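Have the viewer open and follow along.

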Amino acid sequence: MRNLFFLISILFSITVSTAQKANNFRVIDSIQRKGLFNIQDSMLIANAHYKIGEQYRYSFLGDSAYYHYYKAEKIYRKIKDNFKTAITLYGISVIQKDEKDFTGSEVNSVEAISLLNLLEETNDVNKYKSYLFNNLGLVFDQLEQFDESIFYHKKALKLKSDLKGNTKSTIDNSKNNLALAYKNSRQYKLAIDYYSQILKNKNLINERSDFYALVLDNYAHTLYLSKREDGELPNLYLKALRICDSLNNNASSYNSIVINQHLAEFYNDKNRKDSALYYAYRAKNISEQYHNDDLLKSLLLLSEIEEGDMAANHLKDYVKLSDSLQKAERKVRNKFARIKYETNQIEQENIRISRERLWFLILSIAIIITSFLIYLVVTQRNKNKELKFIQEQQETNEEIYNLMLSQHDNIEEARTLEKKRISQELHDGVLGRLFGTRLSLDSLNMGTDADTIKTRSQYIHEIKTIEDDIRKVSHELNTEFVSGSSFIDIIKTLVETQTKAYGFDYELKTNDDINWEEASNKTKIHIYRIIQESLQNIYKHANATLVKISFQVKNDIFCLKISDNGSGFDINKVKRGIGLKNINSRVNEIKGALTIKTEENKGTTITIKVKTG
Amino acid sequence: MTEHIKILMIDDHPMIIEGYQNTLLFTKKENQELSIDIANNCDEALVFMNKAVENNTPYNVLFVDISLPPSTDGLMQSGEDLAEYAREVLPKAKIVILTMFNESFRIHNIIKTINPEGFLIKSDLTSSELASAFQAVLNNPPFYSGTVNKHIRITIASNIVIDDKNRKILHLLSQGVRTKNLASHLGISTSAVEKRKKHLRELFSVHDGQDETLIKNARKEGFV
């Protein structure tokens with residue numbers, strides 16, 4: 001903000017002098033570059049625009065001035081600053097009038113006046129009102145609606161006479177304008193009255209020499225037009241020209257064009273061709289550098305004064321210049337329209353962009369939220385899947401565990417039964433007979449006759465038989481009496497039922513060296529499940545007719561090999577399949593190593609190696 | 001004068017019956033005349049008993065083994081049932097129980113239900129003991145073998161009195177039956193079993209709450 005104030009103060013300090021014009025533009029540029037238009041304080045922005053507009057107007061750069069005025073006006077309207085809006089409109093209407101957009105100028109002036117009418121009639125308000133009336137007067141004068149012009153000039157004059165401060169020069173200006181309107185409407189007497197009023201001021205020649213020269217010329221021209229000159233002409237013209245020439249600045253040399261034209265006209269009228277031509281060419285030469293209506297007028301004058309080809313040439317030039325001027329005017333007017341249109345367009349564009357941005361923002365937020373939600377849902381679903389999978393695994397594991405437990409129970413039961421049987425056998429068979437034999441021998445103990453001895457030897461033989469029986473029982477106890485109930489039997493049952501259901505043959509090679517009792521339940525469960533899963537995969541994908549399963553132990557490494565004669569598969573393609581994944585995770589669980597060998601149409605061999613113990 | 005003694009020997013082991021026969025024949029008194037019937041199972045025993053009742057030739061002495069194959073009609077499960085039946089149909093017969101069982105619970109039950117004239121445990125039976133038992137049963141019953149006497153003495157000497165259910169609990173526990181299965185064996189609820197076991201633990205001053213200790217203490221006191 002401080003920066004902004006600094007820049008604005010710089011702007012204020014700049015005078016309108018031509019020498020500093022370039023500098024002005026640099027400042028203007030720097031203000032624009034400084035990102036002035038991003039600043040939210042719209043009042044300040046509008047003020048800056050207004051100031052820039054004024055600068056451009058004083059530098060006679062109509063289109064740039066118009067651009068900034070227009071911007072300022074928009075903002076002032078928005079913040080409902082009627083006074084500022086009105087003075088900006090005034091600036092615009094002046095530019096429009098200068099560029100001959102008279103209708104536009106009229107419209108804006110009228111609007112500015114009506115805005116000012118809403119306000120309290122302060123000095124400033126009245127001052128701008130009078131300026132606006134003056135502008136309207138000039139506009140109508142140009143439009144050759146002289147009554148209107150005179151009406152507004154009078155209004156302006158009336159207002160100006162009530163203003164405070166030094167109003168002399170501005171009143172003189174208005175009077176001059178009013179006189180001009182009278183002159184153009186051929187009311188020469190009234191015009192002469194007003195001019196005389198201005199010229200009455202003896203100080204004017206010193207204070208505003210160029211203005212004095214202008215008024216003097218106008219006065220002389222009115223006299224000339226009214227045909228009431230009594231020897232004052234061409235002295236009045238010459239006096240005015242002398243003043244202009246003596247001033248020797250841009251404004252006075254510009255003014256001298258008209259004076260020269262008037263002189264040429266006068267001398268032409270008096271049939272003094274040489275003088276007429278002299279002044280006409282002078283007017284043309286000076287006006288050439290401005291390349292505007294004055295040049296046009298000069299050319300027209302020359303074409304009247306000259307004769308023959310020269311006149312024709314001048315007329316041709318006149319027509320050409322007239323065309324180009326008209327074109328230029330049209331261009332300027334178009335430019336104004338374009339500025340207005342472009343600004344509107346930019347604003348609309350801005351609105352559109354901001355709306356788009358808003359939509360974009362809403363859309364991106366929506367997308368972010370939805371994608372986040374989708375992400376949540378997906379992860380949740382995956383998690384659920386995983387949990388479900390784990391649960392299923394656990395359930396199946398439990399199933400197998402129960403299977404093994406029940407198998408274990410079977411073993412226990414069988415053991416108990418066997419124990420009972422042996423006990424029964426010992427009790428009923430052996431013990432009873434032994435008791436009977438002992439009792440008999442006891443009773444026979446006393447006898448010594450041959451018969452008794454014979455009987456005794458019979459009983460001793462009986463003891464031998466009992467001995468044999470005991471040996472038999474002992475032998476039975478020593479052998480593995482429980483069969484069909486180990487882990488390998490569970491596997492056997494599994495392979496048998498699965499292969500039968502899937503309809504292929506199987507070869508199961510086991511090794512009795514494997515101590516299944518030592519292996520953990522976890523390992524057993526996983527091996528069971530791996531075999532089950534493999535058989536399922538073979539059934540689903542391999543089209544095999546034979547499956548070979550073998551268990552082996554070598555150097556503390558337990559090795560399970562499952563091979564089929566099926567169609568095989570591309571290992572890279574199937575790597576991520578559920579079946580293989582399951583087997584993999586199970587092998588990892590028991591810290592084993594999995595190798596898969598597969599060849600198209602030759603079958604697949606899965607080898608799992610686990611360290612025992 | 002000649003004393004005629006009618007005997008029925010019931011045992012599923014012919015060898016044992018031979019042993020009994022040998023012993024009795026060798027050791028009988030001069031004036032004693034033995035007529036011995038042999039039954040190898042419950043059915044045969046029933047046939048002999050019923051015939052004796054029918055002919056009015058009752059047995060004087062019955063040698064009954066406890067563990068016997070059950071009768072075909074299932075009514076007689078063991079020697080115990082046979083002995084009971086004999087008491088009913090042959091009230092004058094002297095019953096001698098000969099069994100391998102030496103557990104306190106069985107001994108107790110047999111004395112209670114049958115009150116036999118002779119009670120011999122096979123494991124500590126000798127021929128001379130059988131002979132003297134035979135004579136004692138005929139003339140001066142009862143005759144109990146050493147193990148039975150020891151059991152009776154301990155039970156009487158002990159201050160502990162327990163009912164049949166608790167006795168059975170101790171017996172079953174000693175057989176290795178688990179507590180959770182006791183209820184079905186006894187026909188009572190699990191909580192009732194728990195209550196009884198608690199009572200038993202107090203009776204046998206078991207402090208660690210273990211069944212093993214309970215059985216050990218009960219055995220010491222002669223209840224198992």
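Helices here are DSSP runs of H or I with at least four residues, numbered from the N terminus. Also keep in mind that this is a predicted model.

**A phenylalanine in chain B**

With that numbering, B:Phe223 falls in the segment that follows helix 10 (211-220) of chain B. Is B:Phe223 buried or exposed? The cut-off for buried is 20 or more other C-beta atoms within 10 Å. B:Phe223 has 26 of them within 10 Å, so B:Phe223 counts as buried.

What does B:Phe223 touch, once the neighbours within four places in sequence are set aside? Its contacts are B:Ser104, B:Ile162, B:Arg167, B:Leu170 and B:Ala218. There's also B:Ile154: it sits 69 residues from B:Phe223 in sequence, yet their C-alpha atoms are 8.7 Å apart in space.

**Chain A and its strands**

Over to chain A, which has 613 residues, 31% of them buried. As for contacts in chain A between residues at least 6 apart in sequence, 60% of them link residues at least 24 apart.

Strand 5 (residues 603-611) of chain A pairs with strand 3 and is also joined to strand 4. Here are the two pairings side by side:

| Strand of chain A | Partner in chain A | Sense | Bridges |
|---|---|---|---|
| Strand 3 (residues 557-564) | Strand 5 (residues 603-611) | antiparallel | 7 bridges |
| Strand 4 (residues 593-599) | Strand 5 | antiparallel | 7 bridges |

**Where the chains meet**

How many residues does each chain put into the contact? Chain B brings 16 residues and chain A brings 12 residues. On the side of chain B that touches chain A, helix 1 (14-27) and helix 5 (127-139) of chain B each supply at least two residues. Helix 1 of chain B gives the most to that side, with 9 residues. Sorted by class, the side of chain B that touches chain A holds 7 nonpolar, 7 polar and 2 charged residues.

Note on methods:
Residues are numbered from 1 along each chain as its sequence is written. Chains are lettered from A and ligands numbered from 1 in the order in which they are written. This is a predicted model: local features need pLDDT of at least 70, side-chain atom pairs count only at pLDDT 80 or more; totals for chains, interfaces and linings use all residues. Two strands pair if DSSP finds at least two bridges between them. Two residues are in contact if their C-beta atoms, placed from the backbone, lie within 7 Å. Ala, Val, Leu, Ile, Met, Phe, Trp, Tyr, Cys and Pro count as nonpolar, Asp, Glu, Lys and Arg as charged, and the others, Gly among them, as polar. A residue is buried if 20 or more other C-beta atoms lie within 10 Å of its own, exposed if 12 or fewer, and partly exposed in between; C-beta atoms are placed from the backbone.
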